[in-house]
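I opened the model to look at the ligand site first, then the cavities, then the overall fold. My entries follow.

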Amino acid sequence: MKLKEEDIIKFYGGENPELFEIERRCMDRDGKVLEYLQNNLPFGKILDIGAGNGYTAEKLQHPQRQIIALEPDSKMIDPSKDLIWIKGVAQSLPFHDKIFDAIYSTWAFFFPDMGTEMIDKGVNEIERVIKPNSKIFIVDNAGDDEFSSFSEKYIGNTKQDFVYWDQKGFKKTIIQTHFKFDSVNEAQRLFGFYFGEKGKLVNKTDIEYNVAVYEKG
Ligand SMILES: C[S@@+](CC[C@H](N)C(=O)[O-])C[C@H]1O[C@@H](n2cnc3c(N)ncnc32)[C@H](O)[C@@H]1O
């Protein structure tokens, strides 16, 4: 099936894999988000929405988990990773009803600035393809941390976003983690890319970073 350009959120990782490698290696360097998912994801057939290059899915692999990595950008898909790759978008999942034992999405599609109408589409699709009462995890920036202080505009979740997920029956857990870079230069490269001039002024390798996990089921 051909995907529509307008359904795909532009992401830099396919064009600039070197920078994305820094992001993936250094954000949550201690693996606290992965640990949370590892401990709370059940076994069975699991869907990763917006899997990127499969970094998270690969780490959550287990002999009793079959992880399907859904990703719309061919440049992000890494076939060398031993995952089942499917090309597709969150708002129109290419699966039959009620087949997944759990679904998660890390920093993909369910961004607050997408607007509730778009996010509703993704949530409705999740509810359609997941087995009743099964686990859903949506992971995103939580804001209110050192990381966000580099941004001129708001990042992460306001009270309004928490209310959105709460109304959909999701509970929220905040994970306090860190960006940890190998050098200040590396921090400046990534934060300069994210935040412009202000980001280039970062002068340390360890930056506090809060992550929200919205969870249901
Ligand atoms: C910030 S990356 C996160 C990748 C991965 N989940 C991770 O944690 O490393 C966001 C990913 O969402 C993908 N994406 C863009 N539009 C999407 C859509 N409509 N539905 C699902 N994923 C989408 C992008 O191509 C990109 O790979």
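I count a polar contact as a pair of N or O atoms within 3.5 Å. The model is predicted, so I note the limits: local features need pLDDT of at least 70, side-chain atom pairs count only at pLDDT 80 or more, and totals for chains, interfaces and linings use all residues. Residues are numbered from 1 along each chain as its sequence is written, and side-chain values use heavy atoms, with hydrogens and water left out.

A polar backbone atom of Asp7 is 2.8 Å from a nitrogen atom of the ligand. For Gly50, a polar backbone atom is 2.7 Å from a ligand nitrogen atom. I then looked up the cover: the protein takes up 97% of the 590 Å² of accessible area that the ligand has on its own (Shrake-Rupley method, 1.4 Å probe).

Cavities next. I searched the whole structure and found one cavity of 30 Å³ or more. On a 1 Å grid over the protein atoms alone, a cavity is a set of points where a 1.4 Å probe fits but cannot get out; lining residues have an atom within 4 Å of a point. The volume of the largest cavity is about 70 Å³, as the space filled by probe spheres set on the points. Its lining includes Arg24, Met27, Tyr55 and Thr106. Helix H2 (32–40) gives the largest share, three residues.

Last, the fold. I find seven helices and seven strands (DSSP runs: H or I, at least four residues; E, at least two). The radius of gyration is 17 Å, close to the 17 Å of the globule rule for 217 residues, so the protein is as compact as a globular protein of that length (C-alpha atoms; 2.2 Å times the number of residues to the power 0.38).

Technical notes:
A polar contact is a pair of N or O atoms within 3.5 Å; within protein, one must be able to donate a hydrogen and the other to accept it, and residues adjacent in sequence count only if both atoms are side-chain atoms. On a 1 Å grid over the protein atoms alone, a cavity is a set of points where a 1.4 Å probe fits but cannot get out, and a pocket is an open set with protein on both sides within 12 Å along at least five of seven lines; lining residues have an atom within 4 Å of a point.
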